[in-house]
Amino acid sequence: MLELKNLSFEVPLAEGSKETKRIIDNLSLSIPDDRFTVITGPNGGGKSTLAKLIMGVEKPTGGQIVFNGENITELSITERAKRGIGYGFQQPARFKGMKVKKLLDIAAGKKLPMLACNEYLAKVGLCSASYLTREVDKNLSGGEVKRIEIATILARDPKLAIYDEPEAGIDLWSFDRLTETFRDIHEARDGRSIVIISHQERIIQLADEIIVVSGGELKHRGSTKEIFPLIMADTLGSCPVLN
């Protein structure tokens with residue numbers, strides 16, 4: 001289980017300034033095991049920052065992060081990864097000289113058989129014959145790099161996988177395949193949890209629970225049946241859920 005306790009994150013308004021802007025404001029929530037959670041809300045509302053705080057990319061200025069009963073607030077990204085947290089960036093890094101096959105091996109912590117590599121890439125809509133020997137460099141499109149990163153998370157098989165807008169930059173066919181993969185992972189019900197930051201309706205509808213974050217605060221949370229109609233109403237301009 002992941003628990004966020006009175007989590008806050010502030011940044012200076014300007015370099016050297018004592019004045020700060022609060023991005024995450026005293027936010028508390030828990031995400032049980034074996035749960036598919038989607039975090040949504042307006043752009044600039046703090047969603048990506050929240051994900052980075054959980055992974056350790058950013059450090060909170062207040063509050064605690066507890067994972068499986070352990071306070072991990074001060075742990076590094078590496079230590080959090082060792083404890084079973086995986087993270088997919090909205091804009092993944094590129095690795096000149098690193099081939100896709102090697103990246104999958106590193107993610108899995110072992111040398112993967114070709115069949116396993118084929119399966120991981122197929123799940124994100126990529127043909128292994130076309131990609132395993134390619135470098136993860138500037139010659140790949142943003143959508144290709146995003147899908148390769150998601151494949152590495154699948155290869156690592158973390159207890160808690162966090163994806164920041166996994167649909168960004170991905171073509172429609174690959175998005176269909178990715179949605180099927182998320183559905184399959186969730187239906188396996190093996191105790192692992194998925195947290196996805198998304199505005200995409202088809203991903204939101206997969207969730208056990210939807211969390212709406214706006215202005216750095218938790219505004220709403222509930223089942224898809226409860227929250228999704230409010231989100232759709234807001235899209236049409238008749239409900240302030242995402243404002």
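What volume does the largest pocket have? In this predicted model, the largest pocket has a volume of about 580 Å³.

## The largest pocket

The lining of this pocket is made up of 22 residues, and those closest to its centre are Tyr87, Phe89, Thr152, Ile153 and Arg156. Sorted by class, the lining has 17 nonpolar, 3 polar and 2 charged residues.

Four elements each supply at least two residues of the lining: helix H2 (77-82), strand S6 (85-88), helix H3 (100-108) and helix H6 (142-156). Helix H6 gives the most, with 6 residues.

## The second largest pocket

The second largest pocket has a volume of about 190 Å³. It is lined by 14 residues, of which Leu154, Asp157, Ile185, Asp190 and Arg192 are the closest to its centre. Two or more lining residues come from each of helix H4 (114-123), H6, strand S9 (160-164), H7 and strand S10 (193-197).

In this lining, 9 residues are nonpolar, 1 is polar and 4 are charged.

## Salt bridges

The structure holds 12 salt bridges. One group is a network that links Glu70, Glu79, Lys82 and Arg83.

Another salt bridge joins the side chains of Asp25 and Arg22, at 3.0 Å from N to O. Asp25 has a relative accessible area of 25% and is partly exposed. Arg22 is partly exposed as well, at 39% relative accessibility.

Arg177 and Glu180 form a salt bridge through their side chains, with an N to O distance of 3.4 Å. Both residues lie in helix H7 (residues 172-188), where they are 3 residues apart, about one turn of the helix. Arg177 counts as partly exposed at 23% relative accessibility, and Glu180 counts as partly exposed at 39%.

## A bridge between two strands

The side chains of Arg221 and Glu209 also meet in a salt bridge, at 2.8 Å from N to O. This pair links distant parts of the chain: Arg221 belongs to strand S12 (residues 217-223) and Glu209 to strand S11 (residues 209-214), with the two residues 12 apart.

Glu209 counts as buried because its relative accessibility is 10%, and the cut-off for buried is under 20%.

Notes:
Residues numbered from 1 in each chain as written. Predicted model: local features only at pLDDT ≥ 70, side-chain atom pairs only at ≥ 80, totals over all residues. Heavy atoms only, no water. Salt bridge = Lys/Arg side-chain N within 4 Å of Asp/Glu carboxyl O. Buried < 20%, exposed > 50% of the residue type's maximum accessible area, 1.4 Å probe, protein only. 1 Å grid on protein atoms, 1.4 Å probe; cavity = no way out; pocket = protein on both sides within 12 Å on 5 of 7 lines; lining within 4 Å. Points joined across faces, edges and corners; volume = space filled by probe spheres on them. Nonpolar A, V, L, I, M, F, W, Y, C, P; charged D, E, K, R; others polar.
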